[in-house]
Amino acid sequence: MSDVKTILLCAVGGQGAILTSNILTDGLLKAGFDVKMSEVHGMAQRGGSVTTQIRYGKKVHSALLGNGQADIGVAFERMEAVRYTSLMKPGARFIVNDFRLTPMSVAVGAAEYPENAIAAVSAVFDTVVVPAADIATEVGNVRTMNLVLLGALLKELGLADNPDVDWEEVIASAVPEKLRDVNIKAFRAGVGF
Amino acid sequence: MKKMMTGNEALARGFYEAGGRFASAYPGTPSTEILENLPQYRDSIYCEWAPNEKVAYEAAYGASIAGVRSLVTMKHVGLNVAADPLFTAAYNGVTGGFVMAVADDPSIHSSQNEQDSRHYAKSSKIAMLEPSDSAECKKFMAEAMHISETFDTPVMIRVTTRICHSKSAVETGERADVPWKVYKPDIPKYVATPANATKHRQKVEQRLIDLEKYSNESPLNFAEMGGTDVGVVCASVSRPYAKEVFGEDASYFNVGMSWPMPIESIRAFAAKVKTLYVIEELDPFMEVAIKAAGIDCIGKAKIPPMGELNPQVINGALFGVQPDFKTVDAVAAPRPPVLCAGCSHRGFFYTIAKNNKDGKYVICGDIGCYTLACNPPFNTIETCVCMGGGFSVAAGMAKVFELEGDDRIVFGVLGDSTYMHNGIVGAIEIAYNNSRVIPCVVDNSTTGMTGHQDHPGTGRTLMGDTANIISIEGTLKSVGFEKVFTVDPQDLAAMQAALDGAVAAIKAGERSAIVARRPCVLVKTRKFERGLCEVDADKCVGCKLCTKVGCPAIAMSGKKAQIDITLCVGCTVCAQVCPADAITTVEV
């Protein structure tokens with residue numbers, strides 16, 4: 001089981017984390033890995049905190065693990081990185097989107113947004129901060145932040161140029177046709193970051 | 001071909017490959033996507049959304065009686081609704097194979113309780129299978145059909161959120177050719193009179209004995225021998241968890257058919273190992289059966305009886321192993337799900353909350369996105385029990401206020417899909433017993449929370465055909481609500497007028513109702529032009545009134561309101577409440 005890697009995606013509902021994990025798992029299967037992915041959906045609302053866990057390797061038993069187990073994490077929003085640090089292996093790589101979404105609890109004054117989120121995560125984890133909103137805006141659509149982050153993740157995992165999987169083809173089959181080009185551009189920008 | 005599939009997709013694929021012909025369901029997380037994945041096989045399978053789980057169960061059972069392999073799916077609480085036909089179908093038996101796929105929700109991710117539906121298989125005396133991953137979901141569907149037809153019984157496939165919504169690789173195959181068993185009447189079998197039921201009652205007991213023998217011999221239940229110090233009996237999603245925890249040194253007894261329990265096989269397995277663990281989520285279902293057979297084991301004395309398990313929970317509970325993880329010097333603010341930016345319910349709940357600061361209204365809610373209006377800043381939903389309960393709970397509360405001489409007005413609030421589910425019966429209760437309740441249907445023209453399924457009010461079927469639209473106003477009027485106020489809740493002035501009108505009517509002794517209709521902003525089939533609102537910081541007076549509409553796109557940035565452009569859809573509810581006209585619609 002030592003070859004099994006665990007990826008944690010944490011995001012806010014509506015940011016495209018589930019689409020991202022679908023692309024990721026389809027590609028990992030094409031690359032010849034055993035893959036399991038765990039997510040919880042069903043609350044269609046946007047704005048809630050969501051996570052998915054993807055595990056891949058030669059043979060994967062459990063789709064789900066507990067604290068201190070993720071080899072690499074991607075936070076689609078910076079405070080979400082803070083929320084899920086306990087799931088990460090000590091010292092693990094954490095890709096954090098420098099993007100902020102104020103939750104209702106903060107908007108109504110019931111809680112405070114941790115202004116030091118990135119500094120606090122960086123102090124403990126091997127953190128890569130990605131300005132995904134800026135990059136996505138530059139390629140033409142701020143809502144393609146998820147593909148920027150996917151590109152950055154695959155580069156970190158050394159899988160972006162795996163010969164067995166054409167990631168752009170996987171992306172093309174997963175997104176609506178009219179958004180295909182902008183999503184692929186966002187992905188490339190993420191790999192190049 | 002190997003494909004990544006969720007458990008739900010695999011169950012649908014399994015039904016197709018097993019020669020299934022008819023499937024019915026009411027959507028319910030985490031079971032919904034089983035039926036959603038069937039229209040792709042429309043050349044072979046008829047599938048439908050039923051108004052509720054009882055109706056779905058009966059329709060699918062009717063299809064079995066008529067001679068084809070049929071499927072009904074539901075979440076755990078849906079099985080409570082469908083329990084009535086279940087217990088009698090268990091007596092009458094089947095003609096075509098009949099499978100009910102029931103999805104439990106340990107950890108209550110998206111439900112109103114955490115029940116262990118395995119008890120239903122036991123108490124209705126039918127067979128139950130529990131797949132542990134997507135590949136088994138597909139395989140077990142065919143096996144369930146076989147058991148159903150061989151033993152003349154409904155078969156339950158019990159899954160959980162983690163099975164339904166986790167993806168793993170599945171090898172797909174060809175569809176089996178299962179010919180129609182041409183229907184012939186069989187009155188003693190299918191008419192549940194006391195005389196017939198008494199005869200079936202005895203058959204059911206014999207069937208249980210036969211099924212237990214099958215369970216003991218079935219390859220669905222199998223031992224994997226490693227070392228003999230530790231043996232683990234496990235089922236469902238606990239099987240991969242147990243393997244992560246105990247590794248290759250332990251021996252495993254994998255339970256795929258968990259009712260009737262393969263007790264003799266487990267007895268033989270237990271005799272080979274020194275310590276026997278039983279790892280299962282929720283209740284000690286297997287453990288009780290194993291202990292009742294006089295086999296010593298360690299289970300719920302250590303393993304938590306609530307919430308999802310995972311390898312770490314098991315390791316911690318059994319061996320006190322604590323994970324190594326780091327905390328950081330920051331605290332994340334809570335981020336529970338909220339009504340979306342542009343949610344069509346927002347205007348309704350904002351208006352109710354604004355008018356109810358003194359508590360003169362009591363608001364009974366129901367199951368749906370709108371339940372979230374119980375949270376700040378609305379705090380308007382005061383009860384939520386079960387599907388369709390919003391109107392009937394309101395009816396009971398209103399009678400108490402009447403008996404005790406209290407003049408508070410009670411509102412029952414539920415959604416359009418919930419109204420069709422059985423909220424409509426609550427409307428009849430209010431009208432028949434003359435309760436002082438204003439029933440309100442917050443109609444977003446879809447089954448919202450489960451991910452946008454059609455229902456009898458939308459005009460479309462699961463297979464994409466045009467359907468007869470059951471009118472909410474028409475049915476309310478026909479059961480006795482004289483004044484039905486239909487309103488677009490996003491227009492706050494109109495919403496206020498509708499509320500005033502309904503309250504004035506009920507005070508005048510008339511029966512009134514509100515239908516607050518605007519389609520869900522996320523419905524894909526809707527032609528929706530996304531807009532954008534913007535705050536003019538110079539005009540913003542920092543009064544925070546706009547944050548009272550509870551929109552995730554709006555927050556204070558310092559002393560000024562700010563709108564997030566990735567979330568805002570330009571619904572203008574915030575602009576309508578702004579006293580300084582600081583929020584305007586901008587071109588996108």
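In chain B, helix 15 (residues 389-403) packs against helix 16 (residues 416-432) at an angle of about 20 degrees, and their axes are 7 Å apart. Angles under 35 degrees count as roughly parallel, so helix 15 of chain B is roughly parallel to helix 16 of chain B. Please keep in mind that this is a predicted model.

- From helix 15 of chain B, the residues B:Phe391, B:Ser392 and B:Ala395 make the contacts.

**A sheet built from both chains**
- Eight strands form an open sheet with mixed pairing, in the order 6(A)-5(A)-4(A)-1(A)-3(A)-2(A)-8(B)-1(B).
- At the edges sit strand 6 (126-130) of chain A and strand 1 (2-6) of chain B, each of which pairs on one side only.
- On average, neighbouring strands of this sheet are turned by 20 degrees against each other, direction ignored.
- Where do the chains join within the sheet? Strand 2 (residues 34-39) of chain A and strand 8 (residues 166-171) of chain B run antiparallel and are joined by two bridges.
- In this pairing, A:Ser38 stands opposite B:Ser166.
- Helix 6 of chain A packs on the sheet, where it touches strands 1, 3, 4, 5 and 6 of chain A.
- The direction of helix 6 of chain A makes about 140 degrees with that of strand 5 of chain A.

**The nonpolar cores**
- The largest nonpolar core has 129 residues, and the members touching the most others are B:Phe348, B:Phe411 and B:Ile583.
- Which helix gives the most to this core? Helix 6 (residues 145-157) of chain A does, with nine residues.
- Domain 3 (346-517) and domain 4 (532-586) of chain B each supply at least three residues to this core.
- Beyond residues up to four places away in sequence, B:Ile583 touches several residues, among them B:Cys533, B:Val535, B:Cys546, B:Ile554 and B:Cys578.
- A second, separate core holds 57 residues, including B:Leu11, B:Val99, B:Cys164 and B:Val170.

**A closer look at A:Ile23**
- A:Ile23 lies in helix 1 (residues 17-30) of chain A.
- Is A:Ile23 buried or exposed? With a relative accessible area of 1%, A:Ile23 is buried.
- Leaving aside neighbours within four places in sequence, A:Ile23 is in contact with A:Leu147, A:Leu150, A:Trp167, A:Val170, A:Ile171 and A:Ala174.
- The C-alpha atoms of A:Ile23 and A:Thr85 are separated by 24 Å, and these residues are 62 residues apart along the chain.

Key:
Residues are numbered from 1 along each chain as its sequence is written. Chains are lettered from A and ligands numbered from 1 in the order in which they are written. This is a predicted model: local features need pLDDT of at least 70, side-chain atom pairs count only at pLDDT 80 or more; totals for chains, interfaces and linings use all residues. Side-chain values use heavy atoms; hydrogens and water are left out. A nonpolar core is a set of buried Ala, Val, Leu, Ile, Met, Phe, Trp, Tyr and Cys residues joined through side-chain atoms within 4.5 Å. Buried means under 20% relative accessible area, exposed over 50%, partly exposed in between (1.4 Å probe, protein chains only). Helices (H or I, at least four residues) and strands (E, at least two) are DSSP runs, numbered from the N terminus. Domain bounds come from an automatic or database domain assignment. Contact means heavy atoms within 4.5 Å. Two strands pair if DSSP finds at least two bridges between them. Axes are lines fitted to C-alpha atoms, for helices over the stretch in contact, and angles run from 0 to 180 degrees between N-to-C directions. Angles under 35 degrees count as roughly parallel, over 145 as roughly antiparallel, 65 to 115 as roughly perpendicular and the rest as oblique.
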